Amino acid sequence: MKIIGIKIKILTILLVGFTSLAKAQSGYQIGEIVTDFSLNNVDGKMVSLANYPNAKGFFVVFTCNHCPYAKLYEQRIMDLDKKYAAKGYPVIAINPNDPKAYSEDSFDNMIKRSEEKKYTFPYLFDETQNVAKVYGAKATPHVYLLQKTKKGLEVAYIGAIDNDTEDVNPDGKIRYAENAVDAITNNKTPKITQTKAIGCSIKWKNEK
Amino acid sequence: MKIKYIILFLFTFTISKSLSAQVKLLSIDQLEERIGQGKDTIYVINFWATWCAPCVKEIPNFEKLGVTYRNQPLKVILISVDFKSKLDKAVIPFVKRNNLKSEVYVINEESEQLYIDKISKDWTGSLPATLIVNKQKGTRKFYEQEFTYLQLEKVYLENK
């Protein structure tokens with residue numbers, strides 16, 4: 001009996017281990033509650049989502065300095081914050097890249113970029129890359145819209161800012177991120193909760 | 001008389017331009033057609049962009065694979081996901097400068113949303129990415145990663 005009990009315990013540990021492993025690989029799904037992080041901001045202070053008690057949610061945006069697609073979307077990320085921070089949904093930008101792959105993505109260059117462009121939002125350095133891994137971010141830019149609920153911060157939308165990367169198609173443009181936040185502020189479920197977009201793969205450490 | 005010359009000039013200009021430009025636009029349906037009607041068995045299809053540094057770095061590996069196994073039923077196809085507006089300004093100059101021998105296309109789709117999923121449900125959209133189709137075995141393997149030559153050769157042989 002005892003042996004069986006131990007066996008079951010081992011099996012459970014193994015199962016739990018595997019599930020958490022699988023989770024770590026795939027990242028957050030829509031409806032999941034996120035855990036807070038504490039990352040170094042370009043102003044030298046540590047930033048957590050808990051620092052924003054009045055926020056109704058967040059646009060957590062994985063982005064970086066070097067990626068041409070992130071550059072194309074930079075102004076639109078700034079516009080998102082300008083438009084939605086006042087409505088309770090500030091942008092939290094996170095650079096998850098290993099600066100060894102691109103020195104342009106170093107912390108010093110993040111400071112430079114945020115000063116040059118006068119970012120109105122924190123630009124955090126995910127030095128251990130753990131936040132990007134937990135979120136399941138694969139590319140830059142990559143948006144996670146979080147909504148504060150009784151259970152915690154819930155993932156409401158994952159994906160692209162819009163479907164018009166080159167910003168040349170005003171008529172056919174679908175603003176996925178804005179539509180999603182507009183829906184949740186009206187107590188509706190976003191019509192589109194997940195999109196895909198071409199982007200630069202995140203540069204992981206120990207990868208050549 | 002003048003108009004005739006202008007037309008003649010435009011005509012020759014268009015022809016010479018289309019001859020020198022070996023890069024065509026290709027939709028996903030056309031890609032499937034290209035594979036379906038092609039004589040080869042294995043298609044190694046690499047998705048890249050001129051602005052994507054790791055893509056540019058690994059392209060010689062794809063070129064080398066095509067050359068090394070030229071006597072085998074293998075076709076290497078390089079599909080650029082650069083914007084269509086960059087065909088003449090970026091992609092064609094890149095192909096010429098690097099003297100690429102593989103078939104090169106620029107993707108001709110309106111929405112990234114649609115074509116990313118059509119290529120593979122597993123593709124998040126990050127570059128580079130590679131699809132290996134074996135027509136005989138009926139397999140499609142998708143890789144969202146960079147390849148060294150040895151890694152690429154290994155997956156080719158695995159999928160052969």
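Some ground rules. Residues are numbered from 1 along each chain as its sequence is written, and chains are lettered from A and ligands numbered from 1 in the order in which they are written. Because this is a predicted model, local features need pLDDT of at least 70 and side-chain atom pairs count only at pLDDT 80 or more, while totals for chains, interfaces and linings use all residues.

Confidence next. The model scores ipTM 0.77 and pTM 0.83. pLDDT is the predictor's confidence in each residue, from 0 to 100. Chain B averages 90, and 87% of the residues score at least 70. Over residues 15–21 of chain B the pLDDT is below 50. That stretch has 1 contact beyond near neighbours in sequence. A contact means that two C-beta atoms, placed from the backbone, lie within 7 Å.

Now the sheet in chain A. Helices (H or I, at least four residues) and strands (E, at least two) are DSSP runs, numbered from the N terminus. Two strands pair if DSSP finds at least two bridges between them. Chain A has an open sheet of 7 strands, in the order S2-S1-S5-S4-S3-S7-S8, with mixed pairing. Which strands stand at the edges? Strand S2 (46–47) and strand S8 (153–159) do; each has a single partner strand, so one side of each is left without a neighbour in the sheet.

Let's look at S7(A), residues 142–148. Of its 7 residues, 6 are buried. Buried means 20 or more other C-beta atoms within 10 Å of the residue's own; 12 or fewer is exposed, in between is partly exposed, and C-beta atoms are placed from the backbone. S3(A) joins S7(A) through 6 bridges, running antiparallel. There, A:Val61 has A:Val143 as its bridge partner. S8(A) also pairs with S7(A) in the antiparallel sense, over 6 bridges. Here A:Leu145 stands opposite A:Tyr157.

Last, the interface. Here 15 residues of chain B are in contact with 12 residues of chain A. On the chain B side, helix H5 (112–119) and strand S5 (126–127) each supply at least two residues. H5(B) gives the most, with 4 residues. Strand S9 of chain A (199–201) pairs with S5(B) in the parallel sense, over 2 bridges. The bridge partner of A:Gly199 is B:Ser126.
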